[in-house]
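This report describes selected features of a predicted model.

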Amino acid sequence: MGTGGVTCDARGSETFQLNRDTSTLMFTGPIDMPLRAKSDGGGHPGDGKRASMDRSLPTTRGESMSSLTLLSRSRSDRHLSRALTLLLLVGAAAASVSPSPASAQAPTQTAPRASPQESRGPGFVNYDVRLTADDTGGSWHGGMSVRFVNTTGVVLDTIWLRLWGNGEDGCAAPAVRVTRLSGGTAGDPAVGCTALPVRMAHPLRPGQPALVRFDLHIAVPDRDARFGHNGPYYLLGHALPVLAVHDGKGWHLDSYSTGGESNFSLTADWTVRLDHPRALAIPATGSAVARPARPGRTLTTIAAKRVRDFAFAAGPFGKREALTRHGVLVRLWFADDVSAAEVDDTLAGAVEYMDTFAGWFGRYPYPEVDLVSSHFDWGSMEYPTYVVTYPARTAVAHELAHQWWYGLVGNDQYADPWLDEAIAEYAKQRATGDENPLCADPFWPSPDARVTSGMDYFNANGGYSLVVYLLGSCLMHDLERTMGPDRWLAFLRDYATTHRYGVSTPVAFRAEAQAASPVDLAPVFHRWRAS
């Protein structure tokens, strides 16, 4: 693409080009980072109409946008993408992006892991949710209870609920509302209505249990997004409230990021009961049992143990299933824009990658994983035991790698996005054979850009995908070359086992990698601005 350009072609399905002269990164093909688009002429994104994006809009994973066009292709070659072209300005003067106002047994809940210096909590969390849907699956109402124990080591007079579903529209049009709360007193919503303080009836001493209950109202936004819908297919990602995390730094109340994720949550047990029209399938985190309810209705009861979040979808999805070699049930739910060939390839890829990653990172402890697939204009997204994905192997591999890196081994995704995204991208590249040319010839968008930067930096400066995904995965490839493949994979397996259901930190990752290495890794972390 002109002088100084480099190109990466991911087997015909994902391509990016970097022009160093203009500090421009161009992607073509499916990208596993969500995008928001406006449709021309009022058409819904993905309905075959041309969609364009305003120059000023950010992507929902934090890139400063120079221009974006989304052009439809014929259904016969959608497996090569909808010819998405993403032109991202990543120069030092990038525009500012502001954050938006089987044989496997389900694990049992135990206390969250904590470092000697700090205790995270609340812990021993149990969420119980009962919701009833309207005729479409776009509106839900009911109740929710949250049981927990104060595991923070300090007295808590207030706890916080995160309402991430309000991140896009903020207080102007909250999609998630909590009313009639008992067990404490709700305060005024904060952080763009994504955080709700609850003053407890009595201060909670360390080790003391508590219970709060409330009514819950969810209105799925009218947009093609991870919390939104495309025609009759409704996605409820981050729609259910979760407890904020308290640790040695206090309460984590970071703002919602349209680029990347801001989520930070500890593992919990979930029981979710959904009353919905019989015509709607309900893919979800966890394992579900459905039985007839009122005439024309179904009651789906879902149990999920030791997971960080809960997401589900509702719509007339098709369904296919297969088993991995390790006995994990892989269930693929697909929209009507996914071809039969894409269904076959997506399911085969999912089974392959689940087995591959289990070999690299350790046993997958849940009995199943669910994938929801469509030609989403916004990309793909990971949740515990459940992913929403474009029907392309590169997207499938990346999102399933997150079942280990974010799902099992958690991290603060706002402060340390590289701890899950860089490893997931590395795993995708290793599993699919994708080449990353930046590893041989790195390009940094600015002198202060670092793989270890947080979302506060990327929200203000852009460059998130380039630095965290691409250069971050180069760090992982370099660590593998330096330590040797066998020793590197042994370290990742041990690290994933040690921190399973817990929280990874940069200090722990660097220290434990060094302890497993026969050579000094400081030059490697320094080279990739991760020291």
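## Disulfides

A disulfide is taken here as a pair of cysteine sulfur atoms within 2.5 Å. By this criterion the predicted model holds 2 disulfides. When the bonded cysteines of the chain are numbered in sequence order, the pairing reads 1-2, 3-4.

Cys-171 counts as partly exposed because its relative accessibility is 45%, where the category lies between the limits of 20% and 50%. Cys-193 has a relative accessible area of 9% and is therefore buried, the cut-off being under 20%.

Cys-439 and Cys-474 also form a disulfide, and their sulfur atoms are 2.3 Å apart. The link of Cys-439 and Cys-474 is left-handed, with -90° about the S-S bond. Distant parts of the chain are again linked, 35 residues apart: Cys-439 is in the loop between α3 (418-432) and α4 (455-461), while Cys-474 is in helix α5. Both Cys-439 and Cys-474 are buried.

## Nonpolar cores

The largest nonpolar core comprises 122 residues, and within this core Trp-270 and Phe-509 touch the most other members. Helix α5 (residues 464-483) gives the most to this core, contributing 12 residues. Apart from this core lies another, of 15 residues, which includes Leu-235, Val-372, Phe-376 and Tyr-383.

The surroundings of Phe-509 can be listed in detail. Not counting residues up to four places away in sequence, Phe-509 touches Trp-418, Leu-419, Ile-423, Met-476, Leu-479, Trp-488, Phe-491, Tyr-495 and Phe-525.

## The open sheet and its helices

Five strands form an open sheet: 5 strands in the order β24-β25-β26-β28-β27, with mixed pairing. The edge positions are held by β24 (318-323) and β27 (381-383); each has a single partner strand, so one side of each is left without a neighbour in the sheet. From one strand to the next, the twist averages 15°. Strand β25 (residues 329-334) runs antiparallel to β24, and 6 bridges join the two. Within this pairing, Trp-333 in β25 is the bridge partner of Lys-319.

Helix α1 (residues 340-361) lies across β24, β25 and β26 (368-373), and runs at about 150° to β25. Helix α2 (residues 393-401) packs on the sheet and touches β26, β27 and β28 (386-389), its direction making about 155° with that of β28.

## Thr-346 in helix α1

Thr-346 has its place in helix α1. Its relative accessible area is 3% and Thr-346 is therefore buried, given a limit of under 20%. A polar atom of the Thr-346 side chain lies 2.8 Å from the backbone oxygen of Glu-342. With neighbours within four places in sequence left aside, Thr-346 is in contact with Leu-332, Pro-391 and Val-396.

## Strand β16 and its partners

Strand β15 (residues 227-230) pairs with β16 in the antiparallel sense over 4 bridges. The two strands β15 and β16 form a hairpin with 2 residues between them, and Gly-231 in the turn has a positive phi of about 60°. Across this pairing, His-229 stands opposite Tyr-234 in β16.

Which residues point each way from strand β16? Tyr-233 and Leu-235 point one way from β16 (residues 233-236), Tyr-234 and Leu-236 point the other way, and all are buried. Strand β16 also pairs with strand β23 (residues 312-314), in the antiparallel sense and over 3 bridges. In that pairing, Phe-312 in β23 is the bridge partner of Leu-236.

Methods:
Residues are numbered from 1 along each chain as its sequence is written. This is a predicted model: local features need pLDDT of at least 70, side-chain atom pairs count only at pLDDT 80 or more; totals for chains, interfaces and linings use all residues. Side-chain values use heavy atoms; hydrogens and water are left out. A nonpolar core is a set of buried Ala, Val, Leu, Ile, Met, Phe, Trp, Tyr and Cys residues joined through side-chain atoms within 4.5 Å. Buried means under 20% relative accessible area, exposed over 50%, partly exposed in between (1.4 Å probe, protein chains only). Contact means heavy atoms within 4.5 Å. Two strands pair if DSSP finds at least two bridges between them. Axes are lines fitted to C-alpha atoms, for helices over the stretch in contact, and angles run from 0 to 180 degrees between N-to-C directions. A polar contact is a pair of N or O atoms within 3.5 Å; within protein, one must be able to donate a hydrogen and the other to accept it, and residues adjacent in sequence count only if both atoms are side-chain atoms.
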